[in-house]
Amino acid sequence: MALLTLISLASEIASDEKAVESITKFANKGATFLKNLMRSEDDLPEISTEDIALVFEYNENLFCLLGLLIQEENKINNKKVLIIEEIIEEVCLGETGNLQEPVLISFDSSKQGLLEMISRLLKTPISIKNVTRFATKYSLEYEFYDYLCRVAFKSSEKLSEYDRELLDSISESFEINRFDKKEIERKYKS
Amino acid sequence: MASIRELRTEKRILLENLLDKKTPIIAAIVFGSHYVYLKNWLLQILMWGLFILSISKNEILLFSIGWIIYDLTRMDKLTEKANEPATKRIKEIDNLLDKHRQLQDSLNHTLNFVNRIKKVS
């Protein structure tokens, strides 16, 4: 179901404004939730607006980056979408996810809403420079590159020229040394 | 979301009320809201009835025993009916408390995630 949503949404041609509007809407819901949370609750962990903003920023950067892998010639590679769906489950919705369903429900949103937002992020063009700035600030270069390799290598037996070039340019921008780069790639090479 | 402290207090009071069924036996008979006393009394009569039946073999006692068993089941249904609003509310509270616990767990995961990122920066 989630895959279908992703594919159908990814096949739509959405403008950048739409993507931005969706993210803003989502963030506003988060802010309202935080206000209510601070007003009422007894034993809920204290979480600040900055923390939530950081979670959103992380997801935005990661999924925009992964989106670069599926923007090749405007074709949808189902295998890549499947792996990205796995990553969404792992990073956001899974057992240790950063935006699990109960939190989303408190935002007055849902799993579906998050998937729609991510599918828009996947189509939103992002500059590698911006992602690099965020990744360097929080030392996430290796983590992001690992996710990229997972999508690129696990989706096909042979890496396409586009994917190779993209991985090279990102690893260069992230300043990942070639030994570590090979080590990460070897994890996913079949 | 309602205050969790209030919900917990409400649940405790409801549970205490459910347990507190020591209505005087006369009132129980008059109002038909037989609870623990009446039930115990009926159970004692039943046991004595069965004991006397086993000794005397007087079959006429079977009728009274049958009536007491019928009365006991009827009383259970009445008690259940009387307690229905409270049990329903307890279920609702349990549901809300469960949602709260889930939200607490999820927020902890979000916080762990944020701390992991902040730690390495």
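Tutor: One cut-off before we start: a residue is buried when its relative accessible area is under 20%. Keep in mind that this is a predicted model.
Student: Okay. Is A:Ile176 buried or exposed, then?
Tutor: Buried, because its relative accessibility is 8%, and the cut-off is under 20%.
Student: Where is A:Ile176 found?
Tutor: In a loop of chain A, between α9 (161-173) and α10 (178-188).
Student: And what does A:Ile176 touch, leaving out residues up to four places away in sequence?
Tutor: A:Glu141, A:Tyr142, A:Tyr145, A:Ser171 and A:Lys181. Take A:Tyr142: 34 residues separate it from A:Ile176 along the chain, yet their C-alpha atoms are 7.4 Å apart.
Student: Let's switch to the cores. Which residues touch the most other members in the largest nonpolar core?
Tutor: A:Tyr58, A:Phe63, A:Leu66 and A:Phe144, in a core of 60 residues. Helix α3 of chain A, residues 49-70, supplies the largest share of that core, with 13 residues.
Student: What does A:Leu66 touch, again skipping residues up to four places away?
Tutor: A:Ile84, A:Ile87, A:Leu122, A:Tyr147, A:Leu148 and A:Val151.
Student: What other core lies apart from the largest one?
Tutor: One of nine residues, including B:Leu42, B:Leu53, B:Leu72 and B:Met75.
Student: On to the interface. How many residues does each chain give to the contact?
Tutor: Chain A gives 26 residues and chain B gives 23. About 2200 Å² is buried between them, with 64% coming from carbon and sulfur atoms.
Student: Which residues of chain B lose the most area to chain A?
Tutor: B:Leu107, B:Phe113 and B:Ile117. Together they account for 24% of what the chain B side buries.
Student: How many salt bridges are there between chain B and chain A?
Tutor: Two. A:Asp51 forms a salt bridge with B:Lys118, and their closest N and O atoms are 2.7 Å apart.
Student: Which elements of chain B give two or more residues to the side that touches chain A?
Tutor: α1 (4-19) and α4 (60-120). The largest share, 16 residues, comes from α4(B).
Student: How does that side of chain B split by class?
Tutor: Ten residues are nonpolar, nine are polar and four are charged.

Definitions and conventions
Residues numbered from 1 in each chain as written. Chains lettered and ligands numbered in written order. Predicted model: local features only at pLDDT ≥ 70, side-chain atom pairs only at ≥ 80, totals over all residues. Heavy atoms only, no water. Contact = heavy atoms within 4.5 Å. Buried area = accessible area lost by both parts, 1.4 Å probe. Salt bridge = Lys/Arg side-chain N within 4 Å of Asp/Glu carboxyl O. Helix = DSSP H or I, 4+ residues; strand = E, 2+ residues; numbered from the N terminus. Nonpolar A, V, L, I, M, F, W, Y, C, P; charged D, E, K, R; others polar. Core = buried A, V, L, I, M, F, W, Y, C linked by side-chain atoms within 4.5 Å. Buried < 20%, exposed > 50% of the residue type's maximum accessible area, 1.4 Å probe, protein only.
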